[in-house]
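Subject: Structure handover

Dear colleague,

The structure you are taking over is shown below. My notes follow it.

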Amino acid sequence: MLTTENLEIGYPKAPALLAPISAQVPLHRLTVLLGANGAGKSSLLRTLAGLQRSRAGKVSWAGKDISDFSVQDLAQTISLVLTYRPQDSYMTVEEVVALGRFPYMRWHQGRQKEDTQIIETALACTQATHLRHKRLATLSDGQFQKVMIARALAQDTPVILLDEPTAHLDLAHRFLIFELLCALAHTAQKTILVATHDLEPALQTADKVWLLHNQQCHIALPESLAWEGTLARAFGSERLVYDTQNDTFRLTQTPLACLQLTCLPEATEALHATQKALQRIGFEVVDSAPLQIRLLPAPVGYCWEWVGKGQYNDLETFINTLQTWRIPI
């Protein structure tokens, strides 16, 4: 197990970034490392990987301080996936993934049968087999991240550390990368720690969260951190609040007016979309208010009735009308 004991991170002549950390990264689980910019995520990750010396304390694997590991032993224990992308690389995907086998190869030996099997498995696990002959420079950001994870798998280490693996990815690929990491932790028996700013996919897939806030490392289930308010304190502000029911942050604003919104039971999805649109343009939905909106069935879909004002056949027209009217509070 990857363990820290009274670990202090930072630089020798500067104050410590965090209070001493004594913790364990859970075996065969996905742990996410969260925190605001400057909280110390990258420094902690580099220290855990043995790339940056600690100010005090130690990091150990299976009871042995990683500072006592040889370079080869460390490379066979911990693999690291960074965000850096060499844009001018003409190596193929297979050649890049094969670099993960370097810690196991003798200088006088080429790739062995076992190496080839491990590379094939790594490509298959990351669904990157079809990319094997493509040049690294031709890959999309999502494909590139899969290849870097495949290289880490080919390195065949029990621990994989990743720094912002979903940076620059679109929404779908962010969720897919975290889904892949979760599967690798549970099925490939990897101990994975990911530093990320992508709260939504991270909180939906993580088994454990390390949250850096106010120079402390808070370690708990994602649901516990949300329920206890730690996430809100770490990332919220006067106008940004955490919605514990929907696991999302949202902006707050002084409402233009309060209104009542009613609908038939079967219109739940349309009601939810209408509520979100109303909140976005500054209206607060309450149980009782002089301003009343009714969501009614129509020959095709629904219509929106502003009681005493008129009916609108689609949500966009209704919302645009509300935005152009001056309504007293």
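Where is His-197 found? His-197 is in the loop between β8 (191-195) and α7 (199-205); helices (H or I, at least four residues) and strands (E, at least two) are DSSP runs, numbered from the N terminus.

This is a predicted model, in which local features need pLDDT of at least 70 and side-chain atom pairs count only at pLDDT 80 or more, while totals for chains, interfaces and linings use all residues. Residues are numbered from 1 along each chain as its sequence is written, and side-chain values use heavy atoms, with hydrogens and water left out.

Two residues

His-197 counts as partly exposed because its relative accessibility is 40% (buried is under 20% relative accessible area, exposed over 50%, partly exposed in between, with a 1.4 Å probe and protein chains only). Apart from neighbours within four places in sequence, His-197 is in contact with Gly-35, Ala-36, Asn-37, Lys-41 and Glu-164, where contact means heavy atoms within 4.5 Å. The C-alpha atoms of His-197 and Gln-112 are 39 Å apart, and the two residues are separated by 85 residues along the chain.

Thr-31 lies in strand β3 (residues 30-35). Thr-31 is buried, at a relative accessible area of 0%. Neighbours within four places in sequence aside, the contacts of Thr-31 include Ile-192, Leu-193 and Val-194, as well as Lys-208 and Trp-210.

The six-stranded sheet

Six strands make an open sheet of mixed pairing, in the order β6-β7-β8-β3-β9-β10; two strands pair if DSSP finds at least two bridges between them. β6 (78-81) and β10 (216-220) each have a single partner strand, so one side of each has no neighbour in the sheet. The twist averages 15° from one strand to the next. Axes here are lines fitted to C-alpha atoms, for helices over the stretch in contact, and angles run from 0 to 180 degrees between N-to-C directions.

β6 pairs with strand β7 (residues 159-163) in the parallel sense, over four bridges. Leu-161 in β7 is the bridge partner of Leu-80. Across β6 and β7 lies α5, running at about 170° to β6.

Helix pairs

The axes of α5 (residues 141-154) and α6 (residues 171-187) come within 10 Å and cross at roughly 15°. That makes α5 roughly parallel to α6 (angles under 35 degrees count as roughly parallel, over 145 as roughly antiparallel, 65 to 115 as roughly perpendicular and the rest as oblique). Gly-142, Gln-145, Lys-146, Ile-149 and Leu-153 of α5 meet His-173, Ile-177, Leu-180, Leu-181 and Leu-184 of α6.

The axes of helix α4 (residues 113-125) and α5 come within 8 Å and cross at roughly 145°. This contact involves Ile-118, Ala-122 and Cys-125 of α4 with Ala-150, Leu-153 and Ala-154 of α5.

The five-stranded sheet

What is the strand order in the open sheet of five strands? The order is β14-β13-β15-β16-β17, with mixed pairing. β14 (283-286) and β17 (310-312) are the edge strands, each pairing on one side only. Here the twist averages 30° from one strand to the next.

Strand β15 (residues 291-297) runs antiparallel to strand β16 (residues 302-306), and five bridges join them. Leu-295 has Trp-304 in β16 as its bridge partner. Helix α11 (residues 315-324) packs on the sheet and touches β14, β15, β16 and β17, its direction making about 20° with that of β16. Helix α10 (residues 268-280) lies across β13 (257-263), β14, β15 and β16, at about 170° to β13.

Regards
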